[in-house]
Amino acid sequence: DMFKEGSEAEFFNSSDELLAKCVYYLKNEQARRTIAAGGRARCLNSNYSNAGRLRLVLNELFSGRARG
């Protein structure tokens, strides 16, 4: 699943949009902290660590090998 825009991450389509979001979050500490906390929680709960990703790859590799 993708990160949820506005609660776990922010995305942009242009340099102007990036700049506007940077300015907004620099002026709004609580909004910045909310996004940061949401993104961190998503990473921790979704096992996005290097170890978690490696475990997923190895599981896929070895389960595919067992079938083949």
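Predicted model: local features only at pLDDT ≥ 70, side-chain atom pairs only at ≥ 80, totals over all residues.

Buried means under 20% relative accessible area, exposed means over 50%, and partly exposed is what lies in between.

**The loop residue N47**
- You'll find N47 in the loop between α2, which covers 29–45, and α3.
- Most residues other than glycine have a negative phi.
- N47 isn't a glycine, yet its phi is positive, at about 60 degrees.

- K21 sits in helix α1.
- Is K21 buried or exposed? With a relative accessible area of 19%, K21 is buried, because the cut-off for buried is under 20%.
- The side chain of K21 makes a polar contact of 2.7 Å with the side chain of E10.
- Setting aside neighbours within four places in sequence, K21 is in contact with E5, E10 and F11.

**The cysteines**
- How many disulfides does a search of the whole structure find? The count comes out at 0.
- C22 is in no disulfide, and the nearest cysteine sulfur, belonging to C43, is 19 Å away.
- A disulfide is a covalent bond between the sulfur atoms of two cysteines.

**A nonpolar patch on the surface**
- Which residues form the nonpolar patch? They are L54, L58, L61 and F62, and together they have about 380 Å² of accessible area.
- One of them, L61, lies in helix α3, which runs over residues 50–67.
- L61 has a relative accessible area of 47%, which makes it partly exposed, because that value falls between the 20% and 50% cut-offs.

**S14, ahead of the helix**
- S14 belongs to the segment before α1, the helix at 15–27.
- At 33% relative accessibility, S14 counts as partly exposed.
- How far apart are S14 and A51? They're 37 residues apart in sequence, and in space their C-alpha atoms are 33 Å apart.

Terms used. Residues numbered from 1 in each chain as written. Heavy atoms only, no water. Patch = residues over 30% accessible without salt bridge, like charges linked within 9 Å, V, L, I, M, F, W, Y side chains within 5 Å. Areas by Shrake-Rupley, 256 points an atom, 1.4 Å probe, with all protein chains shown as cover. Salt bridge = Lys/Arg side-chain N within 4 Å of Asp/Glu carboxyl O. Helix = DSSP H or I, 4+ residues; strand = E, 2+ residues; numbered from the N terminus. Buried < 20%, exposed > 50% of the residue type's maximum accessible area, 1.4 Å probe, protein only. Disulfide = S-S within 2.5 Å. Polar contact = N/O pair within 3.5 Å; in protein donor to acceptor, adjacent residues only side chain to side chain. Contact = heavy atoms within 4.5 Å.
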